[in-house]
Amino acid sequence: MLKLILRRLPALFFVLFCVITLTFFLVRLAPGGPFDRERKIPPAIEAQLLAKYKLDGPLWSQFTGYLADLARGDLRLSTKYRNRSVNEILAQTLPVTFALGGLAFLLATSSGVWLGTFAAVRRNTASDRLAMAGALLGLSIPMFVVGPILVLVFGLWLKWLPVGGWGSPAQLILPAITLAIPFAAVIARLMRTSLLEVLNQDFVRTAKAKGLADRTVVYKHALRVAILPVVTYLGPLAAHLLTGSIVVETVFNIPGAGGFFVNSILNRDGFLLGGVVIVYCALLIVFNLLVDASYALLDRRIRVDA
Amino acid sequence: MLEPGAAARILRRPAAKVCLGILIAVAAAAAVGPELFPESYREPGPRQYASPSWQHPFGTDLNGRDVLYRVLLGARISLVVGLAGAAVSLFLGTTYGLVAGYAGGKVDNAMMRLVDIMYSVPRLIFILIFINAFDGHVREFAARLDWQWLVSYSRIVILIITLGLIEWLTMARIVRGQVLALKERSFIHAARVLGQSHLKIITRHLLPNILPLIIVYLTLTVPAVILDESFLSFLGLGIQPPQASWGSLLAEGAQSINPLKIYWWLLFFPAATMSATLLALNYLGDRLRDTLDPRR
């Protein structure tokens, strides 16, 4: 496993470098600067501002300077939220996003695997069709529709749960469910297909032939193999959850990194934008590495050539 | 692969008929519907936040515009972006998958590794940055060339291209897998022995054989692109007012849910139209895929 991680490391740094470069230049290509206002700023002041935020000099030396700062772990200052560093903003908002994303991750994987198994075991019965129709529905209704509907029903009509905001655990429930639903649907479909295929394989027939209970065959033998496609999906899932959290944070008024991300695009706040993207990508890269490593642990056949 | 009777067999199911009906109805209404509305329904008027009635079946919005009219206009943009974006992704994914699968070996390995990496990067986030970086430039460029249509539709054109750019990965994987299997078949070997060029083998022999598969995944890519577009527009970073898509209408609808007064029709009707369309597309795509590949 350690060998796998070490072998992947150079490629991962290269990917991260590409992400940083792409973000930096895309932000710079955008028309308009961070200090454009309706009233023109005097040139002397603008020059000072640019110097303070290290936006002066040729583009190339700005880029190398940025890389050097990043290597030291300095994500620089936000140009919109004056005098606050990007590190500081992210330190406050990322835990919020992670709490939301983490809970949605657990919800999506557990309910998806459960629903998919439930449907596969009852293949071609009414419960199977109902479960898969539900999954199709979950896949087709966008999060920003599910969110307001949940708020309307559980927040405003039934008054069981708070409609938004952040601070108490109760405020986490509706957003996490909203974020989890489409991915639970994807996982349920993956799980069902994969389990049905595995249940047709020889080792399952052998297990049944030697007289094991259906329950043991499915949960002890088949599920272990059938879950592999779901494990492969965990990497993309994490990426989708981070993207989706932007919408969910907007709908539920949650002070996470997503809102800052959207505002940083509108405000041309390049370093804040870069900070969010770089940190997201770095985390996803590490997460994918862990998924790959765990994949090798789950399936012994893969460990041989890894 | 997909025999002629397959489509008819799928349509024998009542649910499939309903789905096809929904799609045809939405597409037809989006195509001709908006033209049928009188001027007073299209422009801002005094009837603010009227609840659904015979006069305004979907109610009216903050500016007194008819919501049904706006939902149909939104359907136009959402469907066009969905179809065109899926077409872009189809072109990219098929080309990429064909090249990777046909080349095989190290080239294939490297190309598929790149796809794996792109799967795990939050692509929509890059698209957001990309759109906002280029929209101004494109508009300026179009204005200099005096292309009026591009000035007003630059957002839509950029959205189509960029959303096509992010949804091609699955298509590439599927096509590559199919090509890997096909290229060992004897008719491909025969073509090669007969001295046909690689390009000819790809276009004459491989492409026709994967065509049904491509069509099936196209059906599943359209709803994905529509969903992506609505995501961007919901955040206010996609389609810009006065144009509207389902996503931007839903953003208005979501804002109308508050403890003081609930204008439910602003959320319900766009949401129902969009969800029904996506559901129908996903369902038909699923059925087509099941027919084509019974193993799945």
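Q: How many salt bridges does the structure hold over all chains?
A: Four in this predicted model, a salt bridge being a side-chain nitrogen of Lys or Arg within 4 Å of a carboxyl oxygen of Asp or Glu. Because the model is predicted, local features need pLDDT of at least 70 and side-chain atom pairs pLDDT 80 or more, while totals for chains, interfaces and linings use all residues. Side-chain values use heavy atoms, without hydrogens and water.

Q: What makes Asp108(B) and Arg176(B) a salt bridge?
A: Their side chains meet at 2.8 Å, N to O, and the limit is 4 Å, so the pair qualifies. It links distant parts of the chain, with Asp108(B) in helix H5 of chain B and Arg176(B) in helix H8 (residues 169-182) of chain B, 68 residues apart.

Q: What makes Arg205(A) and Asp202(A) a salt bridge?
A: The closest N and O atoms are 3.4 Å apart, so the pair meets the cut-off. Arg205(A) and Asp202(A) are three residues apart in helix H8 (residues 202-209) of chain A, so about one helical turn separates them. Both Arg205(A) and Asp202(A) are exposed.

Conventions:
Residues numbered from 1 in each chain as written. Chains lettered and ligands numbered in written order. Helix = DSSP H or I, 4+ residues; strand = E, 2+ residues; numbered from the N terminus. Buried < 20%, exposed > 50% of the residue type's maximum accessible area, 1.4 Å probe, protein only.
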